[in-house]
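Here's a quick tour to read with the model open beside you. Take the stops in any order.

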Amino acid sequence: MSQGILTLWPFFMVLAAVVAFVVGWWVNDRVKQGKIADAERFSEKIINDSRKEAASIRERAALESENEWHKARERFEEDTAGKREELRKLEMRLMDRERKLDKKVDLLNTKERGIRHRDRELSLREKSVQAKDAQLSEMTKEQNIRLERIAGMRSEEAKSLLMRNLEQKVKQEAAQRAKEIKDRAILEAEKEAREVISRAIQRCAADHVVESTVSVVSLPSDEMKGRIIGREGRNIRAFETATGVEVIVDDTPEAVILSGFDSIRREIARIALERLVSDGRIHPARIEEVVKKTQRDMEEIIQQAGEQAAYDVGVHGLHPKILYYLGRLKYRTSYGQNVLQHSKEVAFLSGLMAGELELDEVLARRAGLLHDIGKAADQEMEGTHTQIGLELARRLEEGEVVQNAIAGHHEDVPAISLITVLVSAADAISGARPGARRETLESYVHRLERLEEVADSFAGVEKAYAIQAGREIRVIVDSGSVGDAYSEQLASDIAEKIQADMEYPGQIKVTVIRETRAVDYAR
């Protein structure tokens with residue numbers, strides 16, 4: 001039995017596997033069908049939900065569209081109502097204007113009728129006036145005829161006589177009135193000018209230093225004099241040749257004197273000699289080296305002096321070349337007066353007077369500072385210092401007022417501005433201050449007399465006049481003995497004789513005047 005069971009055991013195992021397979025397949029099939037059924041039910045649910053949601057969306061969209069339509073309709077109705085109201089108001093304004101226009105037309109028609117009525121009245125009055133005018137003219141003629149008979153002259157003659165008498169009387173009264181006004185104006189102007197100048201002088205205090213033609217150099221000992229002279233005088237000769245200045249070694253203890261009319265050269269010589277004495281090495285080569293270095297340094301000193309002068313008077317924006325020439329004025333004198341100090345004083349005085357007259361103070365100071373700038377270049381350029389200064393101002397683009405002040409402060413050209421007059425007055429004040437200039441009245445008068453004597457010594461000269469403080473000599477000649485061609489030669493000869501026989505600062509202008517006069521007498 002057990003052996004039979006063992007024999008059937010594989011069969012049962014196969015059968016069990018088949019049964020298990022069939023059962024598994026059936027179960028799997030049922031599971032699949034269940035899943036498919038669930039999926040179908042879920043799909044149907046989704047579809048139904050979607051349909052419900054779509055219906056809901058359609059309903060909401062329909063409601064929203066209806067709301068939007070209602071809102072749009074309300075807005076349209078509001079806009080339409082507003083425009084209708086505007087049209088109504090516009091229509092009312094137009095109607096009001098039409099009513100006003102109708103009233104104006106009626107008023108104009110009324111005025112037109114009134115004007116026509118007045119025109120008729122004026123025409124009638126004009127005819128009446130013309131008739132009366134004609135009647136008055138006849139009466140005037142009759143009266144004139146009667147007056148002519150009584151006076152014994154015609155109306156034109158009487159009118160002419162009356163006008164002449166009236167004109168003469170008016171001219172006399174006008175001349176008298178003009179003279180009174182002119183005299184009063186002159187008195188007031190002179191008084192005001194004195195006050196302005198007095199206030200300006202009082203507010204401008206300046207020291208006056210008289211310049212000389214010598215400089216004194218102190219020495220540590222008298223032994224240094226021998227070293228300055230050198231063997232057989234070679235050192236002093238080399239120094240005088242390099243500087244152009246005379247060195248005077250006399251009995252003055254511990255000092256030598258430098259003499260020369262050129263202040264710049266004399267200052268270079270003074271600085272160079274002080275450097276040589278301080279260094280101790282004095283020989284021709286060293287002298288030449290130190291003098292050249294001092295000359296280079298002097299250029300910088302001059303530039304700084306010009307800049308300092310412009311700063312002192314409050315003038316800015318000057319061209320560097322102008323500042324250089326301004327610095328050179330520090331070593332230029334006129335009648336013993338330092339020209340740079342004189343220019344600064346003129347600038348201050350011009351500015352103060354301009355302030356009193358409510359003019360441009362800065363421009364007045366600028367014109368006063370530069371009025372003698374030509375004296376810094378009178379050894380380099382031909383002409384008077386006013387002509388040279390004017391050329392420099394034009395070349396360096398100074399203003400027209402400054403140019404006129406430079407050219408006209410000695411009244412060589414007409415003044416175009418009150419500033420020129422102020423600069424001229426300030427220049428005279430600065431030069432006339434007590435102690436400002438070294439030249440005495442006696443020597444000044446003697447120089448003018450000598451100048452006129454030199455001109456009078458030539459044949460054909462009738463009279464000579466020294467003017468412009470001796471800066472110009474005007475010579476009047478006999479037109480019969482001196483021709484036009486000889487006039488130029490005579491001016492040249494007088495200038496050469498003045499240059500040879502006289503000593504004077506700056507330049508002297510010689511002007512020869514020749515004229516022909518025709519004289520006759522009516523008898």
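## Before you start

This is a predicted model, so keep the cut-offs in mind: local features need pLDDT of at least 70, side-chain atom pairs count only at pLDDT 80 or more, and totals for chains, interfaces and linings use all residues. Residues are numbered from 1 along each chain as its sequence is written, and side-chain values use heavy atoms, with hydrogens and water left out.

Helices (H or I, at least four residues) and strands (E, at least two) are DSSP runs, numbered from the N terminus.

## The sheet

Start with an open sheet of 3 strands, in the order β6-β7-β8 with mixed pairing. β6 (461–467) and β8 (509–513) sit at the edges with a single partner strand each, so one side of each has no neighbour in the sheet. From one strand to the next, the twist averages 20 degrees. Two strands pair here if DSSP finds at least two bridges between them.

β6 runs antiparallel to β7 (residues 472–477), with 6 bridges joining them. β7 and β8 pair in the parallel sense, over 5 bridges. Ile473 is a handy landmark: this β7 residue is the bridge partner of Ala466, and Ile473 also stands opposite Val510 in β8.

## The helix across it

Helix α14 (residues 484–501) lies across β6, β7 and β8, and runs at about 145 degrees to β8. Axes are lines fitted to C-alpha atoms, for helices over the stretch in contact, and angles run from 0 to 180 degrees between N-to-C directions. Contact means heavy atoms within 4.5 Å.

In a regular strand, side chains alternate between the two faces of the sheet. β8 has Val510 and Val512 on its covered face, with Lys509, Thr511 and Ile513 on the uncovered one.

## Two helix pairs

α10 (385–395) and α11 (400–408) pack at an angle of about 165 degrees, with their axes 8 Å apart. That makes α10 roughly antiparallel to α11; the cut-offs are under 35 degrees for roughly parallel, over 145 for roughly antiparallel, 65 to 115 for roughly perpendicular and oblique for the rest. From α10, Thr386, Gly389, Leu390, Ala393 and Arg394 meet Gln403, Ile406 and Ala407 of α11.

Helix α6 (residues 284–313) and helix α8 (residues 339–356) cross at roughly 20 degrees, and their axes come within 10 Å. That makes α6 roughly parallel to α8. Ala305, Ala309, Asp312 and Val313 of α6 make the contact with Leu340, Lys344, Ala347 and Phe348 of α8.

## A covered helix

Now look at helix α9 (residues 361–370): 7 of its 10 residues are buried. Buried means under 20% relative accessible area, exposed means over 50%, and partly exposed is in between (1.4 Å probe, protein chains only). The buried residues are Ala364, Arg365, Arg366, Ala367, Gly368, Leu369 and Leu370.

## Two loop residues with positive phi

Most residues other than glycine have a negative phi. Glu232 has a positive phi of about 55 degrees although it isn't a glycine. Glu232 is in the loop between α3 (223–229) and α4 (234–243), and is exposed, with a relative accessible area of 72%.

Glu397 also has a positive phi, near 60 degrees. Glu397 lies in the loop between α10 and α11, and counts as exposed at 70% relative accessibility.
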